[in-house]
Amino acid sequence: GRQFSCFAAITEEPTVRVNNIPSFWEGCRLLTEGTLPIDCDLPPISDSAKVHEKSQMKECLVGSKSVVSEKTSLTGVTIGANCTINEKVILNNCIIMDGVTIASGVNIKDSIICEGSSVESGCELNQCIVGKQCKVSADTSISSQVLLNSDRMMHV
C-alpha cells in the first residue's frame, strides 16, 4: 500500500503553509515587502539574531539566533534559525534553511541551502539546491545542480 507522511509545526508565531518551493519563495518575498495577507508584525531581523553593522542587506529576513558577519552582501535572502554566515559572503536570491553554516568568501546566487548543510570557503553556487545535511567542499564551483548525500533521497 501507499505510505503517507504527516508533519506538524507547533509554534506561537504566525505560520504560513506552502507546498512547493516557488510558493515558499513568494511567501518570503511578500513577508519581506510587508504585503503578506496575514496580521503579523514579525521583524525582518529576529531580535535574537546578530547582524554585524558592516553587513549590507536588502530585502532580507534573518531567523532567530542566526549570525551574519561583517563584510557580507545579502540581497533577497531568507535565512532560517541558528545559521552562521561568515565574513566576505555574497548571497543573492537565496533561501538558507535552519542550521546552515556558510564559510568565508562564498558566493551563492538563486539557490536553496537545506537544513543543517554547510558550504565551505571559496565556493560559488549558482541555481543550485543543496540537500539536507550536505557539505559542499571548499573552492567548489557548481551551477544548476541538485546536491545530495549519496545515502539519501531529496529531503527539503
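This is a predicted model: local features need pLDDT of at least 70, side-chain atom pairs count only at pLDDT 80 or more; totals for chains, interfaces and linings use all residues.
A disulfide is a covalent bond between the sulfur atoms of two cysteines. I then took up Cys94, which is in no disulfide. The nearest cysteine sulfur belongs to Cys60 and is 9.6 Å away. The cut-off for a disulfide is 2.5 Å between the sulfur atoms, so a pair must lie within that distance to be counted.

I found an open sheet of six strands, paired in parallel, in the order E3-E6-E9-E12-E15-E18. Strand E3 (61-62) and strand E18 (146-147) stand at the edges; each has a single partner strand, so one side of each lacks a neighbour in the sheet. Strands of a sheet pair through backbone hydrogen bonds, either parallel or antiparallel. I examined the pairing of E3 with strand E6 (residues 78-79), and noted two bridges in the parallel sense. Within this pair, Leu61 stands opposite Thr78 in E6.

Last, I located Ser69 in the loop between strand E4 (67-68) and strand E5 (73-75). Is Ser69 buried or exposed? Its relative accessible area is 16%, so Ser69 is buried, the limit being under 20%. I also listed its contacts, leaving out residues up to four places away in sequence: Ser69 touches His52, Ser55, Ile85, Asn86 and Glu87.

Methods: Residues are numbered from 1 along each chain as its sequence is written. Side-chain values use heavy atoms; hydrogens and water are left out. Helices (H or I, at least four residues) and strands (E, at least two) are DSSP runs, numbered from the N terminus. Buried means under 20% relative accessible area, exposed over 50%, partly exposed in between (1.4 Å probe, protein chains only). Contact means heavy atoms within 4.5 Å. Two strands pair if DSSP finds at least two bridges between them.
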